Amino acid sequence: MFDYFEGTIARRSPARATLDVGGIGYDLLVPLGTPLSDVGQKARVWVHLAVREDAQTLYGFADPGTRDLFRTLLLVKGVGPSMALGILSGLNRRELLEAIAREDLARLTSIKGVGKKTAEQMLLDLRDRVPSLSSGLEVEPGVLTPAAPPSAESANFE
């Protein structure tokens, strides 16, 4: 429904940000350590809207790749938005994709709230998705390295 919001950071805490877009303040839950602008600065935040019977919650991310990884985590059995946010708070996108590519169960279980069964389910459900989740990262057997940025001609918006 929404792809991103662009506005001014009105408030910021480690796990939340309020983005003022045309006089409307959007309360966003963000992973810990998300690199967003300071209060009063302009920012573009990539968003995901989670709708439940009792709540509508906006999640914010610094880049579309992390937002897409969040959405993919939601496909894992037993992982909801709160746990997916916790996973991305425990490991950044690169670290998480490396852990999955290497099938590093110990690294995944080091994330607060992720037990052995959830980590195993993540490996089972996501190991084949690592190449597609690594947009902007080049995946080699068990290792991720930066890839060259795509040229403007190769950009494909489908």
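Which strand pairs with strand 3 in the parallel sense, and over how many bridges? I looked this up before anything else. Strand 3 (residues 24–29) pairs with strand 5 (residues 56–61), over two bridges. I count two strands as paired if DSSP finds at least two bridges between them. Helices (H or I, at least four residues) and strands (E, at least two) are DSSP runs, numbered from the N terminus.

**Basis of the entries**

I am working on a predicted model, in which local features need pLDDT of at least 70 and side-chain atom pairs count only at pLDDT 80 or more, while totals for chains, interfaces and linings use all residues. Residues are numbered from 1 along each chain as its sequence is written, and side-chain values use heavy atoms, with hydrogens and water left out.

**The sheet**

Leu 29 stands opposite Tyr 59 of strand 5. I then traced the whole sheet. Five strands close into a barrel, and their order is 1-2-3-5-4. The pairing is mixed. Direction ignored, neighbouring strands of this sheet are turned by 55° against each other on average.

Next I followed strand 1. Strand 1 (residues 4–13) is antiparallel to strand 4 (residues 42–51), with five bridges between the two. In this pair I found Gly 7 opposite Ala 43 of strand 4. Strand 1 also runs antiparallel to strand 2 (residues 16–21), again joined by five bridges. Ser 13 is opposite Arg 16 of strand 2. Strand 1 and strand 2 make a hairpin, with two residues between them.

**Helices on the sheet**

I turned to what lies on the strands. I take contact as heavy atoms within 4.5 Å. Axes are lines fitted to C-alpha atoms, for helices over the stretch in contact, and angles run from 0 to 180 degrees between N-to-C directions. Helix 1 lies across strand 4 and strand 5, and runs at about 10° to strand 4. Helix 2 packs on the sheet and touches strand 3, strand 4 and strand 5. The direction of helix 2 makes about 15° with that of strand 5.

**Helix against helix**

I looked at helix 1 and helix 2 (residues 81–90). Their axes are 9 Å apart, at an angle of about 135°. That makes helix 1 oblique to helix 2. The classes are these: under 35 degrees is roughly parallel, over 145 roughly antiparallel, 65 to 115 roughly perpendicular and the rest oblique. The contact includes Leu 69 and Phe 70 of helix 1, and Ala 84 and Leu 85 of helix 2. Its residues divide into eight nonpolar, one polar and no charged. Here Ala, Val, Leu, Ile, Met, Phe, Trp, Tyr, Cys and Pro count as nonpolar, Asp, Glu, Lys and Arg as charged, and the others, Gly among them, as polar.

How do helix 1 and helix 3 cross, and at what angle? The axes of helix 1 (residues 64–73) and helix 3 (residues 93–101) come within 10 Å and cross at roughly 45°. Helix 1 and helix 3 are therefore oblique to each other. Gly 65, Thr 66, Leu 69 and Leu 73 of helix 1 meet Arg 93, Leu 96 and Leu 97 of helix 3. I sorted the residues of this contact into four nonpolar, two polar and one charged.

**Salt bridges**

I searched the whole structure and found nine salt bridges. The criterion is a side-chain nitrogen of Lys or Arg within 4 Å of a carboxyl oxygen of Asp or Glu. One of them joins Asp 3 and Arg 67, at 3.0 Å, N to O. Asp 3 is in the segment before strand 1 and Arg 67 is in helix 1, so I note the pair as 64 residues apart, linking distant parts of the chain.
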